[in-house]
Amino acid sequence: MNDHGSMRRTAHLTSDEAGLAEAAAILNRGGLVAFPTETVYGLGADATNAQAVAGIYAAKERPSFNPLISHLDSFEAAKVQGIFDDTARTLAEALWPGPLTLVVPTASTCTVSDLARAGLDSVGLRVPAHPLAHALLKATGRPVAAPSANRSGRVSPTDADHVLSDLDGRIDAVLDGGASDVGVESTIVACLGGPPRLLRPGGVPREAIEALIGMRLESGAAGEKNPLAPGMLASHYAPRAQVRLNASEIGPNEAALLYGATPPRGVEHAKAMLNLSESGDLREAAAHLFSYLRQLDASGAETIAVGPVPDTGLGEAINDRLRRAAAER
Ligand code: TXA
Ligand code: MG
């Protein structure tokens, strides 16, 4: 697929062994597969492969990068990705597999890509209960990032026909497992030290969670760090360095984040320099974005000067994120 999510053939896979094996093979080679969970159908990509994750945004035509939920086949596998405090462990043991997502600090062994985490030091993890989702995750043997399998701005799909009406020709396959029975997305609870917070109400009622942990959940909507919509925060990913956009010239104490084949003037004096995509491939650029910002930040430069990135296709989400990184704080 190109940056604009243009046409490819979408296979309609059945829920037998051959269908599962094909779905896992597509995911493992970086493709996009919609699959059933008990909440809604997810649009899956290998969470460890940033280029594959970029494909999710292209297919959905999402104008900004939000952190995605990574799906796993077991709590054991989730522990490789995130750090579980007592509350998170209690909830995982009681409610997984099931419609609960836990946002926890990333573990040192975390393999989920920066893009799937939208550059955050935390990771959203879920072990779904749907038998087909479980079998697929077991077969891939890796975390699978999956937002709902609809185009941005449309309603979440609860069967394979819904998926196809939005995404036919834009993804590699849909694994058909019939209708999802919960129909609303998972409940999201953040356990990041301090009191656990309800980031999104969903398939598990708040009361059930509060009863398990013996305390009230703080609301995600409170305070300035509103994680209900983490993508909307200006300081969502805030590098230490200042970020200067649309740079046509690079100063000697600046780090340069470039795009395309024509470098801005002064680039030879840059303190550090990385090119999001020399060939001008927006999907490749999206895949590199967060890790390159981090690397340039680590160079110690006071400013990261960013060359212009086209505002079409995935470029819209890239520019959205760059503007947030450059926002006053
Ligand atoms: O039911 C569901 O949860 C469905 C099915 C497919 O599993 N998935 C789903 O995924 O709704 P997604 O990726 O659309 O959920 C993204 C939301 C973000 O908007 C954010 O609220 C939260 O998950 N989230 C994920 N990682 C986070 C993080 N590190 N920090 C804060 N919020 C996070
Ligand atoms: Mg959705």
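Which residues does S219 touch, not counting residues up to four places away in sequence?

## Basis of the model

This is a predicted model, in which local features need pLDDT of at least 70 and side-chain atom pairs count only at pLDDT 80 or more, while totals for chains, interfaces and linings use all residues. Residues are numbered from 1 along each chain as its sequence is written, chains are lettered from A and ligands numbered from 1 in the order in which they are written, and side-chain values use heavy atoms, with hydrogens and water left out.

## S219 and its contacts

With residues up to four places away in sequence set aside, S219 touches R197, L198 and R206, where contact means heavy atoms within 4.5 Å. S219 belongs to strand β11 (residues 218–219), strands being DSSP runs of E with at least two residues, numbered from the N terminus.

The shell around ligand 1 holds 22 residues, of which T39, H71, S122, S186 and R200 come nearest; a residue counts as near if one of its heavy atoms lies within 4 Å. Strand β6 (122–126) is one of the elements that supply at least two residues of this shell, and β6 gives the most, with 4 residues.

Polar contacts (pairs of N or O atoms within 3.5 Å) include one between the side chain of H71 and an oxygen atom of ligand 1, at 2.7 Å, and another between a polar side-chain atom of S122 and a nitrogen atom of ligand 1, at 2.9 Å.

Technical notes:
Polar contact = N/O pair within 3.5 Å; in protein donor to acceptor, adjacent residues only side chain to side chain.
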